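Please read them alongside the coordinates.

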Amino acid sequence: MAYKINDNCISCGACVGSCPTDAISEGDPIYVIDAEKCIDCGACAPDCPVDAIEG
């Protein structure tokens, strides 16, 4: 199951650079993870300052 970004997201973009498959993009109003591209690695989660990424 792909990771998801919840409503706690502050749209800082800290997670984007840590994704090896470029699955994270800026959405409206928060960032989103493309489930088709997400490989479930969890590399993005530790970079989120508000713990908005759930696996």
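1. D22 is exposed, because its relative accessible area is 58% (exposed means over 50%, buried under 20% and partly exposed in between, with a 1.4 Å probe and protein chains only). D22 is located in the loop between β1 and β2, where strands (E, at least two residues) are DSSP runs numbered from the N terminus. Although D22 is not a glycine, its phi is positive, at about 55°.

2. Residues are numbered from 1 along each chain as its sequence is written, and side-chain values use heavy atoms, with hydrogens and water left out. The model is predicted: local features need pLDDT of at least 70, side-chain atom pairs count only at pLDDT 80 or more, and totals for chains, interfaces and linings use all residues.

3. The peptide bond from D28 to P29 is cis, with omega near 15°, and P29 belongs to the loop between β2 and β3.

4. Which residues have the most contacts inside the largest nonpolar core? They are I5, I24, I33 and I53, in a core of 16 residues. Such a core is a set of buried Ala, Val, Leu, Ile, Met, Phe, Trp, Tyr and Cys residues joined through side-chain atoms within 4.5 Å. In soluble globular proteins, nonpolar side chains tend to be buried together.

5. I33 is in strand β3 (residues 32-33) and is buried because its relative accessible area is 15%. Not counting residues up to four places away in sequence, I33 touches Y3, K4, I5, A23, I24, C38, C44 and I53, contact being heavy atoms within 4.5 Å. The C-alpha atoms of I33 and Y3 are 6.9 Å apart, although 30 residues separate them in sequence. With the same exclusion of residues up to four places away, the contacts of I53 include Y3, K4, I5 and I33, as well as C15, C44, A45 and C48.

6. How many disulfides does the model contain? The count is 0, a disulfide being a pair of cysteine sulfur atoms within 2.5 Å. The sulfur of C38 has its closest cysteine sulfur in C44, at 6.5 Å, and so is too far for a bond. The sulfur of C48 is likewise too far for a bond, because the closest cysteine sulfur, in C12, is 6.1 Å away. C48 counts as buried because its relative accessibility is 13%.

7. The whole structure holds 2 cavities of 30 Å³ or more. On a 1 Å grid over the protein atoms alone, a cavity is a set of points where a 1.4 Å probe fits but cannot get out, and lining residues have an atom within 4 Å of a point. Grid points are joined across faces, edges and corners, and volume is the space filled by probe spheres set on the points. The largest cavity has a volume of about 90 Å³; 15 residues line it, with C19, C38, I39, C41 and C44 nearest its centre.

8. The second largest cavity has a volume of about 70 Å³. Its lining has 14 residues, of which C9, C12, G13, C15 and C48 are closest to the centre. C9 is in the loop between β1 (4-5) and β2 (24-25) and counts as buried because its relative accessibility is 16%. Leaving aside neighbours within four places in sequence, C9 is in contact with I30, Y31, V50 and A52.

Key. 1 Å grid on protein atoms, 1.4 Å probe; cavity = no way out; pocket = protein on both sides within 12 Å on 5 of 7 lines; lining within 4 Å. Helix = DSSP H or I, 4+ residues; strand = E, 2+ residues; numbered from the N terminus.
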